Amino acid sequence: MKKIFFQDTSFRDGFQSVFGARVLTKDFIPALEAAVHAGIEHFEAGGGARYQAPYLYCNEDAFNMMDTFRKTVGPKIRLQTLARGISVVAMGPQPKDMIDLHAKMFKKHGMTRIRNFDALNDVNNLVYSGKCITDAGLEHEVVVTMMELPRGCESKGAHEPEFYIETLKQILDSGVPFTSVCFKDASGTSNPRKVYNTIKQARKLLGDKVELRIHSHDTCGTGISQYVAAIEAGADGVCCGRAPLSGGTAQPDLLSLWHALKGTDFDLDIDVEKIMEANQVAKECFKEYEFPPEALAIEPEVIFSPMPGGALTANTLMMRDNKTFHLYPQVIKNMAECVALGGFGSSVTPVSQYYFQQAYANTIQGPWKKMTDGYGDMILGYLGKTPREPDPKIVKIASEQMKKPVFKGNPVDVLEPGIPKAKKILEENKLPVTDENLFIIGAFATKGGNKGLDFLQGKAKVSVPKKKPAVVAENSQPLPPAQPSGPTTVSYNIAVAGKTFSVQVSG
């Protein structure tokens, strides 16, 4: 019987996939304690959007959150975070000094392993970042990203098992140090047979001693079948969520996978009763949170976008805020075109956001009337090399609108050091110049301002998806005693969402 390792992703990818990563630390600590008591030894604890969201939506310091996470689980538990190659935990390429500082800061704040991916599968984007992770004393889990292409999309050789294995060979040839390999499908759309064939070839290429893992989502309902296929092909580990932060846009459920492996030569080696108890604690912790309907449902149309679970809820929250949610089906349809013309980068952060933002702009303003910054930079080469050449017509539009030429070099080689700039901003605003603050400023530097600076200046606001208070009756009159005959009219003032309405009830 082979024991299959698992990472509990409830407290990072679960948060991102269900709540857009907007969760207060104090709200989930009891659930984390219960999970440790249940015997779970490996957690995803930060990175990805769970680095950004604490500052943007929770008025919390992500480094403090990681410290609290480590203190809660104790010194022996493996804590893992997610990094995006040369973007690390920002939404765009970072200079080399910031990439190095990222690794040092995450090591300082209690992390054990960093899973490191590049959405373009450009191995050049993994080499320096992977070296920094290893040099900092962290385990480096190097990643090949996967997805299914939209229906009718000619892949030109991208996103087939042969493409993924060629990417893995490039990783091995590059000499980048790593302790494990993961195949990551952020949209959960890869056909299970393709997953099996990919993992089978990867296992043969890597040999039996390299830890081989798979990460996926259950957005379109095939996550468990992907995992079973990967395990049967030779994968050593998986990523699972637990109720109420599993299934749908989040990871396949731990107990569901345990059930699916019955009667096979594989086992998760869990105490089911204790896991169920921990799940009940988690449900209690999040009873005040609003679970978006699309986060809980299987959405087969995602196969044709493909929209990652971790991005879907963040974008639907944004569309609800902007009163454009009714356009969501059209945006998803337009996203397929953005994938087909954009060079076939994997639909995972930040590229998934670039696809969505461009599809959103094409829906609101008209096809290619506005080339968004991220999508434009991607197809012009400023994020690295896309798996296949983008459509020349779209490249021409991007170059003309953005007034930028096509770039063929290594993005990190042309970026100015970030630490001196961040230091200047801190000094000008009379803020402490610490490594943490330097990194916060660097990670949030955008054309539109710096949300990291807003946080450090105490300007951040809390915006988490908690349920609204129940409707209450203000100054209402009690119902009169029952009368033998004749109608009775009672007046009420009802407060709903801050507005008061006069209501009369006759009977």
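**Reading the model, one feature at a time**

Mentor: Let's begin with a loop: Asn121 sits between strand 5 (113-116) and helix 6 (124-135). Keep in mind that this is a predicted model.

Trainee: Is Asn121 buried or exposed?

Mentor: Asn121 is buried, as its relative accessible area is 8%. The cut-off for buried is under 20%.

Trainee: Which residues does Asn121 contact, leaving aside neighbours within four places in sequence?

Mentor: With those set aside, Asn121 is in contact with Val143, Val144, Thr145, Phe163, Thr167 and Ser346.

Trainee: Now another loop residue. Where is Leu327 found?

Mentor: Leu327 belongs to the loop between helix 13 (309-321) and helix 14 (328-341). Here the relative accessible area is 23%, so Leu327 is partly exposed. Not counting residues up to four places away in sequence, Leu327 touches Met319, Thr363 and Ile364.

Trainee: What about Ala340, where is its place?

Mentor: Ala340 is in helix 14. It is partly exposed, with a relative accessible area of 31%. The C-alpha atoms of Ala340 and Pro150 are 7.6 Å apart, although the two residues are 190 apart along the chain.

Trainee: How do I describe two helices that pack together?

Mentor: You give the angle between their axes and the distance between the axes. Take helix 5 (residues 96-108) and helix 18 (residues 419-428): their axes come within 8 Å and cross at roughly 80°. Helix 5 and helix 18 are therefore roughly perpendicular to each other.

Trainee: Which residues of helix 5 and helix 18 meet?

Mentor: Asp97, Met98 and Leu101 from helix 5 meet Ile419, Pro420 and Ala422 from helix 18. The residues of that contact divide into 5 nonpolar, no polar and 1 charged.

Trainee: And how many disulfides does a search of the whole structure find?

Mentor: First the general idea: a disulfide is a covalent bond between the sulfur atoms of two cysteines. In this structure the search finds 0. Look at Cys58: the closest cysteine sulfur is in Cys285, and at 15 Å it is too far from the sulfur of Cys58 for a bond. Cys58 counts as buried, at 3% relative accessibility. Cys132 is buried too, with a relative accessible area of 4%.

Trainee: How many aromatic pairs does the structure hold?

Mentor: It holds 27. In one of them, the rings of Tyr51 and Phe444 have centres 6.2 Å apart and planes at 25°, so the pair is stacked. Stacked calls for planes under 30 degrees apart. This pair links distant parts of the chain, 393 residues apart: Tyr51 is in helix 3 (residues 49-57), and Phe444 is in the loop between helix 19 (435-443) and strand 11 (445-446). Both Tyr51 and Phe444 are buried.

Trainee: Which residues do ring pairs link into a cluster?

Mentor: The cluster consists of Phe11, Phe15, Phe19, Phe28, Phe43, Phe69, Phe286, Tyr289 and Phe291. Phe11, Phe15 and Phe19 are also among the buried residues of helix 1.

Trainee: How many residues of helix 1 are buried?

Mentor: For helix 1 (residues 10-19), 10 of the 10 residues are buried, so the helix is largely enclosed by the rest of the structure. After helix 1 comes Gly20, with a positive phi near 60°.

Definitions and conventions: Residues numbered from 1 in each chain as written. Predicted model: local features only at pLDDT ≥ 70, side-chain atom pairs only at ≥ 80, totals over all residues. Heavy atoms only, no water. Axes fitted to C-alpha atoms, helices over the stretch in contact; angles between N-to-C directions. Helix = DSSP H or I, 4+ residues; strand = E, 2+ residues; numbered from the N terminus. Parallel < 35°, antiparallel > 145°, perpendicular 65-115°, else oblique. Contact = heavy atoms within 4.5 Å. Nonpolar A, V, L, I, M, F, W, Y, C, P; charged D, E, K, R; others polar. Disulfide = S-S within 2.5 Å. Buried < 20%, exposed > 50% of the residue type's maximum accessible area, 1.4 Å probe, protein only. Phe/Tyr/Trp six-rings, centres within 6.5 Å; stacked < 30°, edge-to-face > 60°.
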